[in-house]
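I opened this notebook to keep track of what I looked up, one entry per topic. The entries go from the parts of one chain to the place where two chains meet.

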Amino acid sequence: MAVLLEPGVLEGVARTTIAKLRRAGYITLESVAATPVRELVERTGMGEPTAVKVSHLARMMVDPGFVPAREVLERRKDMMRCTTGSSRLDGILGGGVETGAITELIGEFGSGKTQICMTLSVTAQQPPEEGGLGGRVAVIDTENTFLPERVVQIAESRGIDAEKVLNGLLVARCYNTDHLVILIDSLSRLVEEQRVRLVIVDSMIGHFRGEYIGRENLAPRQQKLGSCLSRLLRLAETSNIAVVVTNQVQATPNVNYGDPNKPTGGHVMGHACTHRVYLRKGKANTRLARVIDSPSLPEVRVRFAITEKGVEDAEEE
Amino acid sequence: MSGFTRGLDRFLSSLGEDALSTGCDRLDLLLGGLRPGRLYLVYGDPDPVEELLIHILVESLRAGGRAAYMLCGNYRVEKTLLNVEGLVRLLEESGLAAEDALKRVYVLCAFSADQQAGLIDEISDLLARDPEVRLVLVRDIAKLVTDDARSRSRAARSQELQGAALRLKQACAERNVPLVVSCRSRRGRGLLPMPEGGEFLRHLANVILYLHRSGRGAAYVRAHLLKHPAQVPRTVEYSLRRDVEVGRSTPPFRVSFEETVARLRKEFQKALVDRDRREAFEALVEAWSSELGAMSYAESLTLFDLMLLAAVVDNRSLIARLMKGFDDLRAEMGRLRERDAEG
């Protein structure tokens, strides 16, 4: 359970400093402890010695340093999983989209990335005993593809109160990468205040690919992308929420056989995301999903279908 | 909530959004109209794509406000602009005063590579300057980078196009204007051709529509919906010509007649083994053929026509058989009379 950052929580830290931190969006001790000092200075405007002190105190209170692996295992038990709507897709994800991690959905256009996101925005609001996370969902929509009417359709065909679902859904339209950074920064406050349990960014890379043109801009692009992803991962870990991001593919012309597409975002994207799922179009309304990188999940391929219910199991062939 | 809005508010505001018509009911049903802030990528055979863009333009002018039509190619290479004659004809058919409507269309085109490079800035400025612009149409977006003489690598061109397409979409999304972009098709790895412009443009587009001429005739177009956030990919056939009714097409009378005759021939195959019947049938077909001109007003052969045809064929056969019987009897009687006379 996160500890709220209030005056008096950090011994010897002035009220004004706490207020500055809260204004910058740090409203829990965990978020302060997980933020680099340099970033605290940049975002709050406080002096570096104060930031070092605040960060040190927060870290001491939150993070005891090295702990036995058994304790880590115990902590993993707090982890929750959210159903995607398809039991097979859940199966390859180890039971669903997990909290405390970033799950990345990769695929070409029409491969079902947004459909999975929209289904998750419905299922995540269900109680844990029904496969959900029992909280609200925040969506950062960079491509203007997140349609509330489709969410209504998915909810209604699953027998879920659509109005309740829409009330628990927080959507932000994102127009450029700077806007994306602002929205990601505002998430930590939103997560605590609105009980958000799942954050969706659809798509993570779109604006970066269009705004940072040319090899000369590759380094700043990757740095900014890495920074966004690291903030999301920090948020996922400190607040124990699930983060789902979508990623595009790019064609590699020198591939003669097999799939010529590869995920965009390079190594930064690959390293930052915990689980990477590659999606491909299948016959009719079916799609194929394969875990291509994960510390705990095997590389298995399954077929699922996109229907009125959003995502569900495909019929046996 | 710093930029975040509740899904319910977004849903309610989307209900109040005016979706622009494409000028074709079937396409409107398929796409759910053209919604503000979305990018519609249309590609395929050049004629249907161009025809659809013009119809969308007319529909937007009918709905009020202004529209921007941007040609991405270099005029010095392309030598074509907006098809004004076709546009004026459509405007008049739609009951709009052509002169007044044309004043509400901004046409942007480039005469040099530099101007091509500045087209996106131009359209962004236009959207910022004139809030009455309710639609942006872009023809052949890939020509922004393929049609000029500047030499650069394929990767550089592709990146330039990415930047241009993203800025265009951002400008339209910020002003809540639907953006319809066309491009040419190229051979893909699958069954259908893919749009030019690379993977990024396909990701950026909210809706992708592939158009090609149908085998049924020049007026018919098949539209394949390949990407849509709320619709399952599917195919419909439509026609934008007002005198053509899709789904109730009438084949030419001669084709219909020949099909019917072929079917009758097959159905009455056994009966027509008889030589007399066959001759009678052929005579009838000839008679009916000569009546084709008079009958061309009929949509097709009715059931009564078919029954009459069958009855007449059979009657002619019966008559021929009876006549033959009479002739046989007459001959027989003649023979008997001769025998009596001899006896």
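**Domains.** I started with chain B, where the assignment gives domain 1 (8-245) and domain 2 (253-342), the bounds coming from an automatic or database domain assignment. Taken over C-alpha atoms, the centres of domain 1 of chain B and domain 2 of chain B are separated by 60 Å.

**Conventions.** I noted that this is a predicted model, in which local features need pLDDT of at least 70 and side-chain atom pairs count only at pLDDT 80 or more, while totals for chains, interfaces and linings use all residues. Residues are numbered from 1 along each chain as its sequence is written, chains are lettered from A and ligands numbered from 1 in the order in which they are written, and side-chain values use heavy atoms, with hydrogens and water left out.

**Extent of the interface.** I then looked up the contact (heavy atoms within 4.5 Å), which takes 50 residues from chain A and 38 residues from chain B. The area buried between the two chains is about 3700 Å², with carbon and sulfur atoms giving 57% of that area; buried area here is the accessible area (1.4 Å probe) that two parts lose on being put together, summed over both. B:Phe4, B:Arg10 and B:His203 supply 21% of what chain B buries against chain A, more than any other three residues.

I found a count of one salt bridge between chain B and chain A, the term requiring a side-chain nitrogen of Lys or Arg within 4 Å of a carboxyl oxygen of Asp or Glu. The side chains of B:Arg35 and A:Glu149 form a salt bridge at 2.9 Å, N to O.

**Elements on the chain B side.** Helices (H or I, at least four residues) and strands (E, at least two) are DSSP runs, numbered from the N terminus. Among the elements of chain B that give two or more residues to the side touching chain A are strand 1 (5-6), helix 1 (7-15) and helix 10 (154-174). Helix 10 of chain B gives the most to that side, with nine residues.

I traced an open sheet of ten strands with mixed pairing, in the order 13(A)-12(A)-11(A)-10(A)-3(A)-7(A)-6(A)-4(A)-5(A)-1(B), where strands pair if DSSP finds at least two bridges between them. Its edge strands, each pairing on one side only, are strand 13 (310-313) of chain A and strand 1 of chain B. Strand 5 (residues 169-173) of chain A runs antiparallel to strand 1 of chain B, and two bridges join them; A:Leu170 has B:Arg6 as its bridge partner. Within chain A, five bridges join strand 3 (residues 101-107) to strand 10 (residues 275-281), which run parallel, and A:Glu104 has A:Arg276 as its bridge partner there.
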